[in-house]
Amino acid sequence: MNIHEYQAKKLLKKYKIKIPNGAIAYTPSEALSRAQKISKTGPFVLKAQIQSGARKAGHFTSDNTKNLSGICIVQKLNDIPLFAEKMIGNTLVTPQTGKEGKLVSKIYIEEFCVAKRTFYLSFVINRIKACITLLVSRATDNIVELAKNDPKSILRIHFHLNHRVQKKDTLQILKFLNLSEKYHNNLTTLIQNLYRAFLNLDATMLEINPVGITKNDEFIALDAKISFDNNALFRHPDVVLMHDDYEVDENVLRANRCGFKYHTFNTGSIGLIVNGDGPALAARDYLEKLGYQTACYLDIKGGVDEDKIAQSLKILMTNPMVEGILINILGGFLRCNLVADGIIAASKEIGFNMPLVARFEGTNKQMAQEILQENNFDFLTSDSLQDAADKLIKAMKENN
Amino acid sequence: MSILADKNTRVLIQGITGLQSSFHTRRVISMGTNVVAGVSPNARDKSYLGVPVFSSVHEAAQKTHPNASLLFVPAGSVKSAVFEALNEGIKLIVSIAYGVPILDILEIHQKIKKCGAVFIGPNTPGIITPNEACLGVFPEGICQQGSIGIISRSSTLAYEAILETNRAGLGQSTVIGIGDDMIAGTSFNPLLDLFFSDEQTKAVVLIGTTGATYEQEAAEFYQKAKNKKPLIVYITGFEEENDMGYASDILTHGKVTAQDKKQLFKNAGATVIDNIDDLHLALKNLI
């Protein structure tokens with residue numbers, strides 16, 4: 001789960017990490033009144049609150065805002081409403097949002113902070129080494145490119161769970177950044193606090209890009225991104241409350257509430273009902289070979305609740321892109337008959353009658369096939385993925 | 001022969017009497033597994049499905065000497081269950097749970113390493129050696145004893161690979177799901193090593209996905225391995241999902257696609273297939 005910058009900063013403040021003065025605003029007039037409280041003179045930074053990186057490299061889509069990026073520096077207080085007006089309610093496209101972009105519904109206003117130096121710093125779960133890794137880079141832009149072409153430009157320090165941030169860690173970072181030892185205490189405190197936040201919050205990624213050094217030699221988090229471990233959210237009810245439902249597609253959200261995963265693509269005509277990414281990918285790969293694109297897939301994982309299965313199936317069945325459904329279920333923990341029951345219940349409720357071919361394998365396969373065949377629908381069953389896909393394509397052609 | 005588990009493996013089931021686990025325990029036993037004991041914290045019955053039940057792993061270990069443990073406990077309890085098993089010297093632990101917190105996994109990882117044990121999972125169907133032992137939730141009746149070793153990150157594609165090896169008339173020596181969580185308990189390499197020295201195994205099927213670098217390491221291992229067997233590889237994954245921020249792409253030195261991983265295996269001399277349904281043909285060609 002991801003949160004917004006302003007939420008991340010609020011959390012970091014609790015861990016004694018210095019952040020610029022700032023406030024959130026939903027309207028231009030609110031932006032003005034918030035800004036007044038932050039500074040009498042300016043300058044200010046206005047930051048679009050969408051969950052994406054590279055907002056500075058982004059641009060808005062409407063004609064009068066094309067030259068604006070997701071982060072604007074505003075010199076005078078009186079100009080705040082003008083900029084806020086252009087940002088709020090417009091769509092921002094960044095290298096990480098895809099070309100459809102994201103709607104900006106709120107902006108974060110901060111005092112402009114003069115930093116004599118900036119650098120990149122993050123903690124992340126290291127899937128490769130099974131540890132937590134601290135990443136530091138002198139550069140704050142195009143870091144992934146740098147990591148690819150010049151691995152030495154990124155400092156990596158690997159932490160084990162019981163690691164205590166030590167003097168030698170900080171000295172290594174200072175040396176890497178070419179900073180004098182006078183920063184030693186402040187940097188140690190920063191790293192300690194960030195690491196404590198990372199562990200306490202069950203984060204999977206905590207990124208400060210950039211960290212700024214103020215004229216008083218203090219470290220300040222000029223931006224903040226936190227991703228949380230979805231599997232550990234049960235330990236953090238306060239974090240769950242920060243979830244911004246508007247960041248997520250409504251149907252995806254509905255599926256998530258049932259504990260399932262729903263994913264849509266912008267092309268294609270076939271809906272997949274699967275358990276796990278594996279069967280979805282295997283089906284997608286084969287359909288592509290036949291020249292057909294997947295429009296969406298619903299992953300019901302190891303679902304055992306019949307009602308939840310039926311509820312989620314309706315999401316996919318009512319997707320207007322879908323012209324045919326391929327079911328690829330290989331039941332182990334999941335019992336195939338529960339899926340078949342769900343399909344019948346959902347079809348009856350919404351009057352679904354498109355081509356549908358089910359390939360069941362594994363636990364209670366026989367029962368599932370019988371359930372589908374003994375109904376008034378023209379649903380087909382098959383014993384292999386290839387055959388099921390072939391049957392579906394044939395039925396879709398006949399239906400046209 | 002087989003790897004990790006066979007008919008002599010003495011299996012303990014932790015969390016034997018739960019609603020879902022009783023369904024699967026019954027199947028584990030019917031697949032021939034030598035289940036020696038079960039643990040249930042509020043064990044009212046002294047035995048369940050013919051298996052003696054104890055209230056602690058310690059007591060079960062003292063009385064029945066298991067050497068492997070299958071965890072049917074919920075995600076939040078996996079860490080403590082693994083530690084209990086390790087404390088009794090159990091060296092093979094399988095967890096099928098979905099949704100174990102990542103920091104718990106890191107802690108488990110450290111302790112497993114220290115104890116020299118093997119942890120399979122979480123988020124996996126487990127291990128099966130057909131007709132001998134099933135430590136997991138594999139569907140009943142799909143496995144056939146045979147000569148192909150299977151290691152898969154995806155649970156369901158492991159089932160698919162089982163069906164394909166049957167279709168080729170070859171069957172399986174042992175099948176292992178290593179799980180598709182952020183961090184897998186065991187990576188491909190130690191298992192490839194075991195399969196390459198197993199007499200019964202004639203070839204190995206490896207099913208990978210995008211994310212992490214288990215595939216890159218396995219390709220490198222295969223290229224360098226002296227004692228090796230034919231390897232067939234299928235890798236697939238969604239690529240368009242973007243993480244917020246840069247950190248995870250920095251770790252892998254840029255984005256790595258399924259195609260990139262496939263190329264590494266091709267370079268290492270493995271057979272790479274583009275559709276899982278092509279597996280039976282590839283197997284027939286090789287053997």
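**Entry 1: ground rules**

I note first that two strands pair if DSSP finds at least two bridges between them, and that helices (H or I, at least four residues) and strands (E, at least two) are DSSP runs numbered from the N terminus. The model is predicted, with local features needing pLDDT of at least 70, side-chain atom pairs counting only at pLDDT 80 or more, and totals for chains, interfaces and linings using all residues. Residues are numbered from 1 along each chain as its sequence is written, chains are lettered from A and ligands numbered from 1 in the order in which they are written, and side-chain values use heavy atoms, with hydrogens and water left out.

**Entry 2: chain B as a whole**

I looked up the make-up of chain B and found 10 helices and 14 strands. Its radius of gyration, taken over C-alpha atoms, is 19 Å, close to the 19 Å that the globule rule (2.2 Å times the number of residues to the power 0.38) gives for 287 residues, so chain B is as compact as a globular protein of that length. Along the principal axes, the C-alpha atoms of chain B fill a box of roughly 55 × 45 × 30 Å.

I then checked burial, where buried means under 20% relative accessible area, exposed over 50%, and partly exposed in between (1.4 Å probe, protein chains only). Of the 287 residues in chain B, 63% are buried. For contacts (heavy atoms within 4.5 Å) in chain B between residues at least 6 apart in sequence, I noted that 72% join residues at least 24 apart.

**Entry 3: strands E2, E3 and E4 of chain B**

I looked up strand E4 of chain B, residues 51–54, which pairs in the parallel sense with strand E2 (residues 35–39) over two bridges; here B:Val39 stands opposite B:Phe54. Strand E3 of chain B (residues 47–48) runs antiparallel to E4(B), again with two bridges between them, and B:Ser47 has B:Pro52 as its bridge partner. E3(B) and E4(B) form a hairpin with two residues between the strands, in which B:Leu49 takes a positive phi near 55°.

**Entry 4: a sheet in chain A**

I found an open sheet of three strands in chain A, in the order E3-E5-E6 and with antiparallel pairing. Strand E3 (59–60) and strand E6 (102–103) are its edge strands, since each pairs on one side only. E5 of chain A, residues 91–93, pairs with E6(A) over two bridges, and A:Thr91 has A:Leu103 as its bridge partner.

**Entry 5: two buried residues**

I picked out A:Ile154, which lies in strand E10 (residues 154–159) of chain A and is buried at a relative accessible area of 5%. Leaving aside neighbours within four places in sequence, its contacts include A:Leu135, A:Ile143, A:Phe176 and, from chain B, B:Ile250. A:Phe176 is 22 residues from A:Ile154 in sequence, and their C-alpha atoms are 9.0 Å apart.

I also checked B:Ser21 in helix H1 (residues 19–30) of chain B, a residue that counts as buried at 6% relative accessibility. Outside four places in sequence, B:Ser21 is in contact with B:Gly15, B:Ile16 and B:Phe72. B:Val137 is 116 residues from B:Ser21 in sequence, with 9.5 Å between the C-alpha atoms.

**Entry 6: backbone exceptions**

Most residues other than glycine have a negative phi, and most peptide bonds are trans. I noted a cis peptide bond from A:Gly42 to A:Pro43, with omega near -5°, where A:Pro43 lies in the loop between helix H2 (28–38) and strand E2 (44–48) of chain A. Another cis peptide bond runs from B:Gly121 to B:Pro122, also with omega near -5°, and B:Pro122 sits in the loop between strand E7 (118–120) and strand E8 (126–129) of chain B.

In the loop between E7 and E8 of chain B I also found B:Asn123, whose phi is near 60° and which is buried with a relative accessible area of 17%. B:Asn131 has a positive phi of about 70°, lies in the loop between E8 and strand E9 (133–136) of chain B, and counts as exposed at 59% relative accessibility.
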